[in-house]
Amino acid sequence: MDLSQGKSIRLLVIEGDEQLTAQIYAYLEPLGYVLDSASNGMLGWQRAVSEAYDALLIDVMLPGMDGLTLCRRLRTESGSEIPVIMMTSSESVENRVLCLNWGADDFLVKPFDFLEMEARIRAVVRRAVSL
């Protein structure tokens, strides 16, 4: 899925902060991304396992089910290989390693630049398509 070839990337944003979700939409939709969102971990789980997405953008701190548990369940219970980028407020190496060890493909430390976010989304989708 490469936007330069006229195909839209379908992204599920699982984020409890409505303002950040709105900012992500405002940045990515004009670029041609097709976005869905969930404001808590349980709704994110339901959407992630029932619909087709090219990538997931998941916050670590979610109500209902935290992002790490959601990511782990996607990998172990559903067998999903969909690319996952975790969003975290922690800059600690331990937190980043934890995200990767629990199944994330990449991570963003909040606050992040939206240009970097988009580049990371493209990179994980590109890698998944080439496998």
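Contact is taken here to mean heavy atoms within 4.5 Å. The structure is a predicted model, in which local features need pLDDT of at least 70 and side-chain atom pairs count only at pLDDT 80 or more, while totals for chains, interfaces and linings use all residues. Residues are numbered from 1 along each chain as its sequence is written, and side-chain values use heavy atoms, with hydrogens and water left out.

Leaving aside neighbours within four places in sequence, K110 is in contact with E15, L20, D59, M87, T88 and S89. K110 is found in the loop between β5 (106–109) and α5 (114–130), where helices (H or I, at least four residues) and strands (E, at least two) are DSSP runs numbered from the N terminus. The residue is buried, with a relative accessible area of 18%, since buried means under 20% relative accessible area, exposed over 50% and partly exposed in between (1.4 Å probe, protein chains only).

The largest nonpolar core has 21 residues, and I14, L56, I58, L70, L74, V84 and M86 have the most contacts inside it; such a core is a set of buried Ala, Val, Leu, Ile, Met, Phe, Trp, Tyr and Cys residues joined through side-chain atoms within 4.5 Å. At least two residues of this core come from each of β1 (10–14), α2 (41–50), β3 (55–59), α3 (67–76) and β4 (84–88), and α3 gives the most, with four residues.

Zero disulfides are present in the structure, a disulfide being a pair of cysteine sulfur atoms within 2.5 Å. The sulfur of C99 lies 8.0 Å from the closest cysteine sulfur, in C71, which is too far for a bond.
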